[in-house]
Amino acid sequence: MSWFGKLALLLILLSLLGPIEAEAIETAPPLSDREVIERLTKVETKIDANTAAITQLQTDMQTQFQQLRQDINARFAELTQFMLGIIGAFVAIVAATIGFALWDRRTMIRPFDGREAFG
């Protein structure tokens with residue numbers, strides 16, 4: 001049997017096994033008004049509990065965000081102070097280098113200045 005024949009046989013078998021009806025829905029027994037009210041009351045108490053939990057969670061998150069903001073501000077202040085220290089040290093080194101260069105040039109020129117040579 002060729003592959004075409006096998007494919008045709010498979011299609012015929014699949015068409016014979018096609019849709020099969022089955023009962024998938026089971027009907028529930030009717031509920032009394034009292035049972036409906038009791039179930040709704042349970043649902044409402046669960047909703048109230050969840051609402052309280054969500055409110056508490058929001059409050060906790062706001063507190064954590066405030067603490068995080070304070071921590072970031074403190075670290076930023078520390079970083080700012082550190083950067084100012086580095087800039088101050090750099091300015092001091094540059095000023096000292098320029099001062100030393102000026103002092104060195106002045107002391108080197110003095111022997112050639114005629115005032116000290118002839119006293």
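A helix here is a DSSP run of H or I with at least four residues, numbered from the N terminus. By that rule Ile 98 is found in helix H2, which covers residues 33-109. The model is predicted. Its chain has 3 helices and 0 strands, and the order from the N terminus is α-α-α. Of the 119 residues, 0% count as buried.

**Confidence**

- The mean pLDDT of the chain is 85, and 85% of the residues reach 70 or more.
- Helix H2 has the highest confidence in the chain, at a mean of 93.
- Confidence is lowest in helix H3, residues 115-118, where the mean is 53.
- Where pLDDT is low, predicted coordinates should not be read in detail.

**Surface**

- The accessible surface of the chain comes to about 11,800 Å². Carbon and sulfur atoms account for 66% of that surface.
- A nonpolar patch on the surface is formed by Leu 84, Ile 87, Phe 90, Val 91, Val 94, Ile 98 and Leu 102.
- Together the residues of this patch have about 680 Å² of accessible area.
- Ile 98, one of the patch residues, is the one already placed in helix H2.

**Aromatic pair**

- The structure holds 1 aromatic pair. Its members are Phe 100 and Trp 103, with 5.9 Å from centre to centre and 35° between the planes.
- The pair is classed as tilted, because planes under 30 degrees apart count as stacked, those over 60 as edge-to-face, and the rest as tilted.
- Phe 100 and Trp 103 are 3 residues apart in helix H2, so about one helical turn separates them.
- Phe 100 has a relative accessible area of 53% and is therefore exposed, the cut-off for exposed being over 50%.
- Trp 103 also counts as exposed, at 52% relative accessibility.

**Salt bridges**

- The count of salt bridges comes to 2. In general, side chains of opposite charge can pair when their charged atoms come close.
- Arg 34 forms a salt bridge with Glu 38, and the closest N and O atoms of this pair are 3.6 Å apart.
- Both Arg 34 and Glu 38 lie in helix H2, with 4 residues, or about one turn of the helix, between their positions.
- Arg 34 is exposed, with a relative accessible area of 63%, whereas Glu 38 is partly exposed at 43%.
- Asp 71 forms a salt bridge with Arg 75, with the closest N and O atoms 3.3 Å apart.
- Asp 71 and Arg 75 are likewise both in helix H2, 4 residues apart, which is about one turn of the helix.
- Asp 71 is partly exposed, at a relative accessible area of 34%, and Arg 75 counts as exposed at 56%.

**Loop between H1 and H2**

- Leu 31 lies in the loop between helix H1, residues 3-16, and helix H2.
- At 42% relative accessibility, Leu 31 is partly exposed, so its value falls in the range between the 20% limit for buried and the 50% limit for exposed.
- Leaving out residues up to four places away in sequence, Leu 31 touches Val 36 and Arg 39.

Note on methods: Residues numbered from 1 in each chain as written. Predicted model: local features only at pLDDT ≥ 70, side-chain atom pairs only at ≥ 80, totals over all residues. Heavy atoms only, no water. Helix = DSSP H or I, 4+ residues; strand = E, 2+ residues; numbered from the N terminus. Buried < 20%, exposed > 50% of the residue type's maximum accessible area, 1.4 Å probe, protein only. Areas by Shrake-Rupley, 256 points an atom, 1.4 Å probe, with all protein chains shown as cover. Patch = residues over 30% accessible without salt bridge, like charges linked within 9 Å, V, L, I, M, F, W, Y side chains within 5 Å. Salt bridge = Lys/Arg side-chain N within 4 Å of Asp/Glu carboxyl O. pLDDT = per-residue confidence, 0-100. Phe/Tyr/Trp six-rings, centres within 6.5 Å; stacked < 30°, edge-to-face > 60°. Contact = heavy atoms within 4.5 Å.
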